[in-house]
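Open the model in a viewer and keep the sequence panel beside it. The stops below say what to select and what is found there.

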Amino acid sequence: MNIVDLIIKKRDGGKLTKEEIDFFIKGVTDSSIPDYQISAMLMAIYFQNLDSEETSELTLAMADSGSTFDLSSVEGIKVDKHSTGGVADTTTLILAPLVASCGVPVVKMSGRGLGFSGGTLDKLESIPGFRIDVTEEQALRFAKTSGIVLMSQTDSLTPADKKLYALRDVTGTVENIPLISGSIMSKKIAAGADAIVLDVKCGSGAFMKDYDSAVCLAETMADIGRSVGKEVTAVISSMDQPLGMNIGNSLEVIEAIEILKGNVGGDLLEVALTLGAYMLMSAKKVSSEAEGKAMLLENIKNGKGLDKFRELLIQQGGNPGIIEDYSLLPLSPEKTEVLADADGYVHSMNTAEIGRASLETGAGRASKADSIDFGAGIIMKVRIGDTVKKGDAIAEIYSASKEKCLSAAGYLKDAVVIKSEKPKAPKLILDIIK
Ligand code: URA
């Protein structure tokens, strides 16, 4: 087989066979195909797409490109969760301890933030001492004792995806539904869970800007999951404004703890409860979304979710004192308020630009090699539909320097649109695909 023939076949709209896809992924994994030919194939796929059969074959080949995680020795139905990425999307830190506190084991490999999208690993690493590099052996032990593990992907898992994702990032080929689906689902399949709950973000702060593309991504991923016998539920949720009020690593940890303490609610809690309820349903713990939400809410009220979060911190070396004393978490020294420049309603938000503002504070990374400032970020003070008066604070910005604060403030001011007419209340959960 010759890679040039395969690139030409796909470039001209042909359908790749299983053998051809396996040949391509093997060549990606063992580096026998050079980056320029892999990139050419990615661009051919970007323009010509893959059909559902090709997408499933690509995903399975990527899932098999390295080692896989065997969770069969952990009792019960293991349910994984994945978000396609957004701003102030801290649901994992809330639902993982809550679901585990209901007796359903959560073994979750998470990723780092990139661009406007935050990452669970960075948030966890903002907790002094917390270790995200857990070996397979430790993960299995933790899963059996505490029922919760939040960890980085092991080096040997899906090496083909690592290579392809890095090349897609620098060749303009990230935004392609078969490639995104294959990338996400190969990691979820290799991570070994029995069922998967996906949070497919839709809106100005998501890969998928409109409902139809979000549904297409959700259905593509669900089809892949079904083709390997895994139950997949996809919740399509809005990213037309930041999900929580805090953006930035330690700031998001604080908001998650406040939710686990039962002190605050809002959209972040609602999405966490919805995803958590479907995780409980997939694990056959409850039979309806309402029953699942009630069980999770009960474990906020009785403190079991927060206790599980404390157990997770202790297990992985994090300082549990942060739960009572937020000053143990990093907070950047400079603070700037962004003020409304007119009376009116918060009409809309450009969420990707708010994510961009967060990058300017130092809370995120523009490229994979960038380091981040765990204490930087933004506390939003308004949501779409709120009334504001000229001079009211719409956000607080935290950063290491005044210059960074002012740069972030510029993006934020442009991103929050104030108008005199009242906007329609935005819908949070747009659809659930089972
Ligand atoms: N997240 C992933 O893991 N892969 C993609 O391709 C996009 C988002």
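**The largest pocket**

By class, the residues that line the largest pocket are 14 nonpolar, 20 polar and 16 charged. The model is a predicted one. The space in this pocket comes to about 1,400 Å³. To find the middle of the pocket, select Gly111, Arg112, Leu114, Tyr165 and Lys187, which are the closest to its centre among the 50 lining residues.

Strand 1 (79-83), helix 5 (91-101), strand 2 (106-110), helix 6 (120-125), helix 8 and helix 9 each supply at least two residues of the lining of the largest pocket.

**The ligand**

Now show the ligand, which sits in the largest pocket. Which elements give two or more residues to the shell around the ligand? They are helix 8 (159-169) and helix 9 (177-190). Of the elements, helix 9 gives the most to this shell, with four residues.

Select Tyr165, Arg168, Ile180, Ser183, Ile184, Lys187 and Phe207 to see the residues that surround the ligand. By class, this shell holds four nonpolar residues, one polar residue and two charged residues.

- Arginine 168: a polar atom of its side chain lies 2.9 Å from an oxygen atom of the ligand.
- Serine 183: an N or O atom of its side chain is 2.6 Å from a nitrogen atom of the ligand.
- Lysine 187: an N or O atom of its side chain is 2.5 Å from an oxygen atom of the ligand.

**The largest cavity**

Rolling a probe the size of a water molecule over the atoms shows where empty space is left. How many cavities of 30 Å³ or more are there? The count is two.

The largest cavity holds about 130 Å³ of space. Select Ser117, Gly118, Ser358, Ala363 and Gly364, the closest to its centre of the 19 residues that line this cavity. Then colour helix 11 (249-260) and helix 15 (351-361), each of which supplies at least two residues of the lining of the largest cavity. The lining of the largest cavity divides into six nonpolar, ten polar and three charged residues.

**The second largest cavity**

For the last stop, select Arg131, Asp133, Val134, Gln138, Phe142 and Gln316, which line the second largest cavity. What is the volume of this second largest cavity? The volume is about 30 Å³. Its lining has two nonpolar, two polar and two charged residues.

To end the tour, return to the ligand and display Lys187 again. Lys187 is one of the residues around the ligand, and Lys187 is also among the residues closest to the centre of the largest pocket.

Definitions and conventions: Residues numbered from 1 in each chain as written. Predicted model: local features only at pLDDT ≥ 70, side-chain atom pairs only at ≥ 80, totals over all residues. Heavy atoms only, no water. Near = heavy atom within 4 Å. Polar contact = N/O pair within 3.5 Å; in protein donor to acceptor, adjacent residues only side chain to side chain. 1 Å grid on protein atoms, 1.4 Å probe; cavity = no way out; pocket = protein on both sides within 12 Å on 5 of 7 lines; lining within 4 Å. Sits in = over half its atoms within 2 Å of the grid points. Nonpolar A, V, L, I, M, F, W, Y, C, P; charged D, E, K, R; others polar. Points joined across faces, edges and corners; volume = space filled by probe spheres on them.
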